[in-house]
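Here's a quick walk through some aromatic rings and surface features. Have the structure open while you read.

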Amino acid sequence: MVTYVLDSSAILRYLHNQAGSDRVGEIIRGHLAGDCQAATPAAHWGEIAGITYKLYGRREMESVLSRLGAFGLEVVAADGDSAVRAALIKVDTGIPYVDSFAVELASRGSDRVLVTADFDFKPASHDVTIEFLPTK
């Protein structure tokens, strides 16, 4: 079964009904139906919280996190080993450290696909399968 690793940009696109939101919605529906799994690194969950809080305030942030939580997305916490692997990915690829957690999570199996709207991930595309959402 495929596991889709959704980074913060993919989830924010979904929340704001922007380009690619239909694809993320399809993944979430598949996850709810048991056809696939969907996960996000805790670091990206935090980015979603921070961006939503900054734009809309605490009440909306809590509402968004509650709605996302109802989808049953797995929020994957980092441990010491995964943090080191993410650091090595950052050094090897030059991508931002937070983003390296999504690559690290996607690298845990050949049945995983990283879904993102962030083209900063391109240097990691030789290490993991990445599905880039459309820009428009």
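A patch, as the word is used here, is made of residues with over 30% relative accessible area and no salt bridge, with nonpolar side chains joined within 5 Å. Keep in mind that this is a predicted model. Ile51, Leu55 and Tyr56 make up a nonpolar surface patch of that kind, and together they have about 300 Å² of accessible area. Tyr56 belongs to helix 3 (residues 42-56), and with a relative accessible area of 48% Tyr56 is partly exposed.

Now for the rings. How many aromatic pairs does the structure hold? There are three aromatic pairs, and two of them are worth a look here. Phe119 and Phe132 are stacked, because their planes are at 10 degrees and their centres 4.7 Å apart. That pair links distant parts of the chain: Phe119 is in the loop between strand 4 (112-116) and strand 5 (129-132), and Phe132, 13 residues away, is in strand 5.

| Residue | Relative accessible area | Class |
|---|---|---|
| Tyr97 | 35% | partly exposed |
| Phe101 | 12% | buried |
| Phe119 | 36% | partly exposed |
| Phe132 | 24% | partly exposed |

One last stop is Asn17, in the loop between helix 1 (8-15) and helix 2 (21-33). Its phi is near 50 degrees, a positive value in a residue other than glycine. Asn17 is exposed, at 64% relative accessible area.

Note on methods
Residues are numbered from 1 along each chain as its sequence is written. This is a predicted model: local features need pLDDT of at least 70, side-chain atom pairs count only at pLDDT 80 or more; totals for chains, interfaces and linings use all residues. Side-chain values use heavy atoms; hydrogens and water are left out. Helices (H or I, at least four residues) and strands (E, at least two) are DSSP runs, numbered from the N terminus. Buried means under 20% relative accessible area, exposed over 50%, partly exposed in between (1.4 Å probe, protein chains only). Patches are made of residues with over 30% relative accessible area and no salt bridge: like charges are joined within 9 Å, nonpolar side chains (Val, Leu, Ile, Met, Phe, Trp, Tyr) within 5 Å. Accessible areas come from the Shrake-Rupley method with a 1.4 Å probe; for residues, only the protein chains shown count as cover. A salt bridge is a side-chain nitrogen of Lys or Arg within 4 Å of a carboxyl oxygen of Asp or Glu. Rings of Phe, Tyr and Trp (its six-membered ring) pair if their centres lie within 6.5 Å; planes under 30 degrees apart count as stacked, over 60 as edge-to-face and the rest as tilted.
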